[in-house]
Amino acid sequence: MTGVEETYKRIEGYEDQIITFQADLTSRVALGPDNGGTGEHEKAAYLKKRLKELGPDHFEEIRAPDMRAKDGYRPNIIALWERHIRTPATWVLCHMDIVPPGDLSLWDGDPYQVRVEEGKIIGRGVEDNQHGIVSSYFALKAIQESGVTFRRPVGLAFVADEETGSEYGLDYLLKNHGELFKNDDLIIVPDGGNEDGTMIEVAEKSMLWIKFTVTGKQCHASTPDKGNNSLYGAARLIVDLEGLKKEFNLEDDIFSPSISTFEPTKFEANVPNINTIPGKDVFYIDCRILPSYQVEDIVESAKNIAKDLAKRLDLSIKVEQVYIYDVNANDFENDVLTYSLLSYPKGMTIDTLTGIINWIPAKEQIGEHEITVNVEDRWRNDTQNFTIEASEILLTSIDVVPEYIILAEKYSNLLSQKFLTVTANYDYGSSKSIALSECNYESSDENIAFADHTGMISATSRGKAVITVSYTENGIKKSDTIDVFVRSLPSGEG
Ligand SMILES: [Zn+2]
């Protein structure tokens, strides 16, 4: 029998020990403070004892300070064998912390008391991530007992705080004890994969979201020279951003697709009506970047592309990295997230499924407001705080369309009610349609044409009259005009 065969045979023989090991780990609940626990201390103490049975030639517990945890720290365990061999090491990295069991009524028993059913071990944490701890432990034990000698150093790293951000776990180790891991070390992380175990993930592309805000000047569509169309700017920018593909064009067949991707995705709604040239457009790109590139370099490049275009078109373009807030990103359960508002101004609502917030501030709510949003899945929750400022939006102009109509003498233009539209424009670039009955109408010559309070325009005699349409909101009155030409016959001219 070769050493490898001998090793495998020994592993088969560990079944009972593996179940006991799993049961011991499961009963030592390791929940981080973010999940309502005190930390991984009990599990770490047990592992410390078990690892010593395998006689590592280096052992240390690295304590990441965390005042919320028991004794003010989070334990991280490092054990190394054959440290003296001067070749890159092989590591297995596992995490000790678990996620809460959630609704206990959905469990058939105590989640912290392991059961064995049909060849499966059931309990909170047995898979995520105790299977990694247990497998690496018994693999090492089997190798040792088979008398196989290591040709490279072997390390086990059992870390804290993987489930809620790694700040007190792997991040802490890398920042404060980075010398443990060398560039050429092989690090196996048995904490993901598919059901039959055939998937091996070796790296992930970096994800980057960028928001572009293109600001020009809003105006009526009939007089584009009076404004600066932000939609032209946004469209050209989207095309120019294709330059990122050329600049960051490395390929790596390990990834699918093998290139970095830069895709425009979300485009925010701009003006509500067709006859307004937009003054502000906002869109986003989603980038998936090969690890050989730095995310900051992509953002820098996008900023330069935007700067060039802004200069050419006399627009202002803001480029911002969108920080991804997604507690679900590493969530194997793929649970549905639900959103709720914890603190918020009166009248604000949130869509529990999409997280989209809706609020029309009342006049007395103008000013800054603190908002706290809670996001949760079945097992855990997280909150995000931000401040928004409600400022008064001011009516800046109204647009009346069409600009002129032609009527026949002594006719009411019944259709004018249908065709006449009034749009109110506000600072910050928003606008809305105004009901004709909310406007006032004044004719330059009632003997030629006039409008009633519903916006219906009637003709009296031949000539030209100018009807001034006015709209008042919050004490601000704005007007626009419509020219009425009255002809003697209902000819084809109109
Ligand atoms: Zn995990």
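Analyst: Take the contacts in the protein chain between residues at least 6 apart in sequence: 67% of them join residues at least 24 apart. This is a predicted model, and every value here is computed from it. Ile-143 is found in helix α4, which covers residues 126–145. Tyr-8 is 135 residues away from Ile-143 along the chain, but their C-alpha atoms are separated by 8.7 Å. Leaving aside neighbours within four places in sequence, Ile-143 is in contact with Thr-7 and Val-148. Is Ile-143 buried or exposed? Ile-143 has 21 C-beta neighbours inside 10 Å, and therefore counts as buried; the cut-off for this is 20 or more. Across the protein chain, buried residues make up 26% of the 494 residues.

Next comes the build of the chain. The protein chain has nine helices and 28 strands. Its radius of gyration is 34 Å, well over the 23 Å that the globule rule gives for 494 residues, so the chain is more spread out than a compact globule. Along the principal axes, the C-alpha trace spans about 110 × 50 × 40 Å. The domain assignment divides the chain into domain 1 (3–188), domain 2 (202–324), domain 3 (334–392) and domain 4 (395–487). Between the C-alpha centres of domain 2 and domain 3 there are 27 Å.

Now to the sheet itself. Which strands form the open sheet, and in what order? There are four of them, in the order β20-β28-β27-β24, and their pairing is mixed. The edges are taken by β20 (404–408) and β24 (440–443). Each of these two has a single partner strand, so one side of each is left without a neighbour in the sheet. From one strand to the next, the twist averages 30°.

How do β24 and β27 pair? Strand β27 covers residues 463–473, and β24 pairs with β27 in the antiparallel sense over four bridges.

Notes:
Residues numbered from 1 in each chain as written. Predicted model: local features only at pLDDT ≥ 70, side-chain atom pairs only at ≥ 80, totals over all residues. Rg over C-alpha atoms; globule rule 2.2 N^0.38 Å. Buried ≥ 20, exposed ≤ 12 C-beta atoms within 10 Å, placed from the backbone. Contact = placed C-beta atoms within 7 Å. Domains from an automatic or database assignment. Pairing = 2+ DSSP bridges. Axes fitted to C-alpha atoms, helices over the stretch in contact; angles between N-to-C directions.
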